Amino acid sequence: MEGAAADFRAELSERLFVLYLGGRWMAPLSDRLIAVPGLPLARLACAEAGDVARARAGLKPARASGAALRAAYAASAPLLRALRAYEAAGDPVAEPEDWTLPFAGPAVLVTATAVPLARVAGLLIAGAGQGLLWKPAPGAAPSAHALMGALGPAAGAGLAMLQGDHATGAALAGQGPVIWVSDAPPPAEMSVSLRVPATDPHRR
């Protein structure tokens with residue numbers, strides 16, 4: 001799988017230019033690009049207000065079961081594990097955590113680079129049934145793209161992914177309850193409905 005991961009990383013200049021919304025990959029309305037940590041030749045397309053509006057309008061509850069989403073995640077685990085080796089040491093890409101979100105309706109998920117994919121995937125699977133708009137950290141852009149590529153066909157419009165920076169995160173304000181997954185505090189201007197640590201064990 002190292003070869004597959006190397007090929008994936010070599011194609012990042014193409015892969016990281018698109019967003020996932022409305023059940024498919026789409027070019028952003030924004031033309032703002034930023035560097036990707038650890039990948040000096042790659043550039044990440046930053047979603048802005050117009051992209052956020054499109055993503056939010058396109059969210060629909062996923063019809064796929066949690067079991068189908070878990071199976072899609074499991075099938076992608078070898079590639080995800082290889083990509084995570086470049087992003088964050090020691091992520092085993094374990095089984096998705098079990099989560100129940102404490103609110104209904106479409107929500108926003110913001111995750112830091114250090115968050116294990118078992119936690120990210122668990123939250124995505126929990127939120128797909130009500131619609132979840134995800135903004136991963138730029139440092140996790142490669143694995144985020146691969147994870148959405150795995151879950152997207154099953155989740156359809158239940159999940160959307162907007163890559164970007166702090167300005168992208170600010171544009172998500174008001175799009176639904178925010179789940180902030182990081183050991184760092186959220187920005188003062190961001191109203192957060194659920195704070196989740198990046199690295200502490202998940203207690204059911």
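Reader: How do you know how far to trust the model?

Author: This is a predicted model, and its mean pLDDT is 89, with 91% of its residues at 70 or more. Confidence is highest in helix α5 (residues 117–128), at a mean of 98, and lowest in helix α1 (residues 2–10), at 61.

Reader: Why is S76 called buried?

Author: Good one to check! S76 has a relative accessible area of 12%, and buried means under 20%, so S76 is buried because 12% falls under that cut-off. S76 is found in helix α4 (residues 66–87).

Reader: Now the largest pocket: which residues and elements line it?

Author: About 190 Å³ of space lies in the largest pocket. Of its 17 lining residues, V110, T111, K135, H166 and W180 are the closest to the centre. Two or more residues each come from β5 (107–111), β6 (132–136), α7 (166–171) and β8 (178–181). Helix α7 gives the most, with three residues.

Reader: What makes up that lining by class?

Author: The lining has eleven nonpolar, four polar and two charged residues. Among the residues closest to the centre is K135, and Lys counts as charged, so K135 belongs to the charged class.

Definitions and conventions: Residues are numbered from 1 along each chain as its sequence is written. This is a predicted model: local features need pLDDT of at least 70, side-chain atom pairs count only at pLDDT 80 or more; totals for chains, interfaces and linings use all residues. Side-chain values use heavy atoms; hydrogens and water are left out. On a 1 Å grid over the protein atoms alone, a cavity is a set of points where a 1.4 Å probe fits but cannot get out, and a pocket is an open set with protein on both sides within 12 Å along at least five of seven lines; lining residues have an atom within 4 Å of a point. Grid points are joined across faces, edges and corners, and a volume is the space filled by probe spheres set on the points. Helices (H or I, at least four residues) and strands (E, at least two) are DSSP runs, numbered from the N terminus. pLDDT is the predictor's confidence in each residue, from 0 to 100. Buried means under 20% relative accessible area, exposed over 50%, partly exposed in between (1.4 Å probe, protein chains only).
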